[in-house]
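Student: I would like to learn how to read the features of a protein model. Could we go through them one at a time?

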Amino acid sequence: MFTLAEVASLSDIQPTYRILKPWWDVFMDYLAVVMLMVAIFAGTMQLTKDQVVCLPVLQSTVNPKVQPDTAGKADFTTVETTTGQEEASMRTVSFGAPTVIPDILSRATTSSQYQPTESDQELKKEQKDSSGRKTNLDFQQYVFINQMCYHLALPWYSKYFPYLVLIHTIILIVSSNFWFKYPKTCSKIEHFVSILGKCFESPWTTKALSETACEDSEENKQRLTGAQSLPKYVSTSSDEGSPSASTPMITKSGFKFSADKPMIEIPSVTILDKKDGEQAKALFEKVRKFRAHVEDSDLIYKLYVGQTVIKTVKFIFILCYTANFVNTISFEHICNPKVEHLIGYTQFECTHNMAYMLKKLLISYISLICVYGFICLYTLFWLFRIPLKEYSFEKVREESSFSDIPDVKNDFAFLLHMVDQYDQLYSKRFGVFLSEVSENKLRGISLNHEWTYEKLRQHVSRNAQDKQELHLFMLSGVPDAVFDLTDLDVLKLELIPEAKITAKISQMTNLQELHLYHCPAKVEQTAFSFLRDHLRCLHVKFTDVAEIPAWVYLLKTLRELYLIGNLNSENNKMIGLESLRELRHLKILHVKSNLTKIPPNITDVAPHLTKLVIHNDGTKLVVLNSLKKMTNVAELELQNCELERIPHAIFSLSNLQELDLKSNSIRTIEEIISFQHLKRLTCLKLWHNKIVSIPSSITHVKNLESLYLSNNKLETLPAAVFSLQKLRCLDVSYNSIAVIPVEIGLLQNLQHFHITGNKVDVLPKQLFKCVKLRTLSLGQNCITSIPDKVSQLLQLTYLELKGNCLDRLPATLGQCQLLRKSGLVVEDHLFDTLPSEVKEVLNQDTGIPFANGI
């Protein structure tokens, strides 16, 4: 036997799940408890009092004044009494001690011969005086009949009604709470309830919502007072949203900085406790992962709908069959036990002593089931009235500054709809942790707490141009203290997806160069105005062209723009860049991408460009007609563009001074004769190609000063190369050249000669007539000796001889006045062959011991 409390515990769930129990589920739980009480009460009554009482039914009506027939029947007396004016009659049966007649059988056979005696006359007199009709049934026989008729005559519903109620109620309770127990849903629900509770109690939630309220009130106050007083509370991070396609910069929703007014320092809000901040960060990550995990299915929604449908079907089923059996519970029942051979009677009339109570309980149960069913129908109406697999935070977005809270779907949306039935404040506070703006605010507070001015100052360094440079890598944002480094020249921001440049950047008057590597930075209005007027050089590295900030195209004073990323014309609709027309002062454009044609948008700034660099990472550049419009380009680099010939469009660039076609697939340069039209061309770089020979027409490029042909397939150097009298730099390293022509002596202006990595074995004496040589690279050849005439190279500062077949160095190296040991690249043992006085000369002005020939 179990108690009511034990049965009621079947409907109990964890207290934390109450937020997922709408009013109808709570009401149905209470109804289920009442039905349990009905079942247990009825069951208890049946166990203690349930029985039937039966009396035999006579075959014919007997006059109570007449002596009953004595054919083997026991005496049975029926008395009919009337009291007053009552019309009803009551039949009573008296169970007296039966008269025992030992010789009843012998007297029955001789009844016709029986002569009444004095004792018989007295017995008849007593029977006439007594009331009722006697039978021959004793107490045990009545008990037997009662038990037998309980099972035969009493309808099954009267006997099992309490147990059916118990079973139905347990099924309804299980159906109401199955989604809390099913393994594939309970884990998600437990996780959701846990996160929801933490989000509700998190100090960051209260702070974020209170800041929103403060911002709204301060905004209204400033609108009325004309911003005469400062806001009491402002966020330490920007409150702006993402810029639209038509608005390239961010407009701050709160207090605005003006370029015409001095910048006002605003006291920051109290910083969160470090522990609270870390917990809030962890919550953002948990919410993000939970959303990704739950939004991919709608199992919880389907399960809840399924169990509601089951409860509704159960209600209909119970109502239908219960209505048929409600009338079977009655007081009177006719019983035919078929034990006449034992009792002597064929039919009994029985009464059920629990009929009245059971009927009342059944009516109560039907009433409860009807109420339960109507609630189930309402639940189904609610489930299908609105799309519960979609949830909008529109109201939260309207009431707060977190306009980026996304709408959710599937099981995530359904759980939030259920929470709203408990208290809408939960979803409002939960939405704070779905907002990237909110997360960025939290990161900003933590970031400013960690990256102080002193720490940032320690990371400032000087670059190759002797400029002060700060490189910030993989931070959650840009610390506010960065803008206090007023003497900074170069700012590099890398992998900072939520970088925001505030108005305080106007303090950095020395800033002229900005690097944004995978960092689509957003700027405030005043900050943009400052960058537009002061920024000179901008580097943008991105994965997709959409990551390029829109405000980049409006920097009117920008002079150098470096774009590194995917600009494939097929994926981004002809590069997809916004018009560069506004960049009126742009002089240098560097594009490292995978273009198939030079984008037409570049022609917007073509008249102003003086340098164009395209590094194509191996993608073949086919269409180059746009180059003809760049009449003022002085430097052109087309590297790794899979060019097989020198593009004809280049010959139209009359102002071209330097051409770099590095890392292409050029095999022949016969078109070089057309370079005679490029009167200003002084530098030609054809290195890292597949060129096998140099045409004699190169003599027409008379103004050429630098020629780079390294890493090709040259085997000889034609004499035409040495007719270029203005040539100052010649680089033919890493080819297959075996002989240096004696005509090299004609290059009197040659200052840099590189022939490393060839097959040269002899150095012509004419080489040392190039007395202006400052750099001579002869390494990795087959040279066996260095002529003494090397002493004629008085301006020589760098001499590479490593990787040859030398056995000694000429002592005349000491006469090369500008040559030092740091500029002499030879093996250690060769350096040791030099006289000591020569070593002393080479070691002048250096205290570094010689190592590895460097």
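Student: What share of the contacts between residues at least 6 apart in sequence joins residues at least 24 apart?
Tutor: A contact means heavy atoms within 4.5 Å, and in this protein 57% of the contacts between residues at least 6 apart in sequence join residues at least 24 apart. This is a predicted model, in which local features need pLDDT of at least 70 and side-chain atom pairs count only at pLDDT 80 or more, while totals for chains, interfaces and linings use all residues. Residues are numbered from 1 along each chain as its sequence is written, and side-chain values use heavy atoms, with hydrogens and water left out.

Student: What percentage of the residues count as buried?
Tutor: Buried means under 20% relative accessible area, exposed over 50%, and partly exposed in between, with a 1.4 Å probe and protein chains only; of the 854 residues here, 47% count as buried.

Student: Which residues have the most contacts inside the largest nonpolar core?
Tutor: A nonpolar core is a set of buried Ala, Val, Leu, Ile, Met, Phe, Trp, Tyr and Cys residues joined through side-chain atoms within 4.5 Å. The largest one has 132 residues, and F675 and F753 have the most contacts inside it. Leaving aside neighbours within four places in sequence, F675 touches residues including I646, F651 and V701. A second, separate core of 82 residues includes Y301 and L388.

Student: How many helices and strands are there?
Tutor: Helices (H or I, at least four residues) and strands (E, at least two) are DSSP runs, numbered from the N terminus, and this protein has 20 helices and 24 strands.
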